Amino acid sequence: MLKVFLKNSALVIAVILIALVSIDGLSYAFISANGLSFFPQYKKNRFQEQLNEAVHYFPRGYNVADPVMGFDTQKNATPVAFNMADGSFEIFSNELGCFDHHSLAEIKAAKAYDYFAGDSFTWGYGNYAQNIPAVYEKKSGRFSVKCGIIHSGQQHQFEKFQRTVKLIGSYPKRVILGFYENDVANDFAYPHTTVIEGYEVDTLRFDPHRFQLVPRDMEAVRKVILAGINPKSQSWIVRTDAWLEKYSLSWNLIQFGIQKTKPQPLSTIYAISEGVSYYKDKGYETADVTKKNRAAIERWIEDAKTHHYELIFVLIPPKLHHGNTQFYGGLHDYLEGKGVRFIDLTEPFHESGLRSEKLYWMNDGHLHNEGNIFVGEYLAKKIGGANAKTNKKLN
């Protein structure tokens, strides 16, 4: 009797296993993973996916941890492909840790130079020869040092500027400072990013319900990164579970049925700037959330006065408001009140009549190569001209 029971049980189990394997095989062959939002790991490498979610999108080794700024561009970074949804371009850095072909010796030998500061828009986000600083330099004839820093605000950018000027040994004739709408968030959370195992990683998240910065569990983040780099470092149980999640729809269904409710994920720091309005009389000049950003700007204004270089802000609009000349109205008033020269790119964008896709990447919020060329040429025409004979030397 027992033998019959065991035999029948084994037969039932075998039939169930065969059925599951058949279902999983057919599912894997014919069902697209893109349509299964409930099973984010299906048909995907769990370790690579978790790594991508934990870190920023820059190639490993391009950035380095810094005790003050949190991170900086690695000095003398070898050329590497930067891949994005709309294409790929080569990135590198010089001995100053800037996305610039000029060596320190060439910069020191120059009679004068302009300095480009700002976030990823100023950094480039496209082919080097077509980015804003490179086009400006070529069209204006003004030797330029190109030191935009991705994922940064004015505090970070000013610290980078001070270090770079010290290495060069002289101040620029002009600083062209790109400003983007999320710079307020970067300054509010600064320093907010570090580098772990060569990957750029935010150390903070933002809770919009409490309007509060929340530290990430960096040890947990490190483990995710190490697993992504070397999945074999994980236990056989974890690797088996990951394998089943990738290849077995039935395993994902079981997991979905027993999983506990996960807490709502926190936002990135950029959620901080979502409530900030730059329109006229909408509070930029008085809001608590913009206080650190305004302090950084004022610090840069005083430095320009002290060291006698021209400071020009370039206001870069988001894709959805690229031709809205009222978007930065409140920032206009603030900068005018401080006696600072600025160029608002919504104006030439509006006058050109160009649609956003003629200026910005299709799947990304940054300016594409043609958009960068447009801005570089516009700046060269607007503020270009021959360099003065010499820079003001450091004391």
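Helix α2 crosses helix α8 in a left-handed manner, a crossing being left-handed if the near helix is turned anticlockwise from the far one by less than a right angle, and right-handed if clockwise. The model is a predicted one, in which local features need pLDDT of at least 70 and side-chain atom pairs count only at pLDDT 80 or more, while totals for chains, interfaces and linings use all residues. Residues are numbered from 1 along each chain as its sequence is written, and side-chain values use heavy atoms, with hydrogens and water left out.

The protein chain contains 14 helices and 13 strands; helices (H or I, at least four residues) and strands (E, at least two) are DSSP runs, numbered from the N terminus. Of the 395 residues in the chain, 49% are buried (buried means under 20% relative accessible area, exposed over 50%, and partly exposed in between, with a 1.4 Å probe and protein chains only). Contact means heavy atoms within 4.5 Å. Among contacts between residues at least 6 apart in sequence, 71% join residues at least 24 apart.

Helix α2 spans residues 46–54 and helix α8 spans residues 218–229; their axes come within 8 Å and cross at roughly 135°. Axes are lines fitted to C-alpha atoms, for helices over the stretch in contact, and angles run from 0 to 180 degrees between N-to-C directions. The two helices α2 and α8 are therefore oblique to each other (angles under 35 degrees count as roughly parallel, over 145 as roughly antiparallel, 65 to 115 as roughly perpendicular and the rest as oblique). From α2, residues F47, Q48, Q50, L51 and A54 meet V221, V224, I225, A227 and G228 of α8. This contact of α2 with α8 comprises 7 nonpolar, 3 polar and no charged residues; Ala, Val, Leu, Ile, Met, Phe, Trp, Tyr, Cys and Pro count as nonpolar, Asp, Glu, Lys and Arg as charged, and the others, Gly among them, as polar.

Helix α5 (residues 132–140) packs against helix α14 (residues 369–383) at an angle of about 40°, with the axes 8 Å apart. Because of this angle, α5 is oblique to α14. The crossing of α5 and α14 is right-handed. On the α5 side the contact involves I132, V135, Y136, K139 and S140, and on the α14 side N372, I373, V375, G376, E377, L379, A380 and I383. By class, 8 residues of the contact of α5 with α14 are nonpolar, 3 are polar and 2 are charged.

Residue N94 lies in the loop between β4 (87–91) and α3 (104–109). Its relative accessibility is 5%, so N94 counts as buried. Leaving aside neighbours within four places in sequence, N94 is in contact with K75, N76, D100 and H102. A polar atom of the N94 side chain lies 2.9 Å from the backbone nitrogen of L96.

Most residues other than glycine have a negative phi, and most peptide bonds are trans. In H151, however, phi is positive, near 55°. H151 is placed in the loop between β6 (144–146) and α6 (154–168) and is buried, with a relative accessible area of 5%. E197 also has a positive phi, of about 50°, although it is not a glycine. E197 is located in the loop between β8 and β9 (199–202) and is partly exposed, at a relative accessible area of 34%. The peptide bond from Y190 to P191 is cis, with omega near -10°. P191 belongs to the loop between α7 (183–189) and β8 (193–196).

Notes. Polar contact = N/O pair within 3.5 Å; in protein donor to acceptor, adjacent residues only side chain to side chain.
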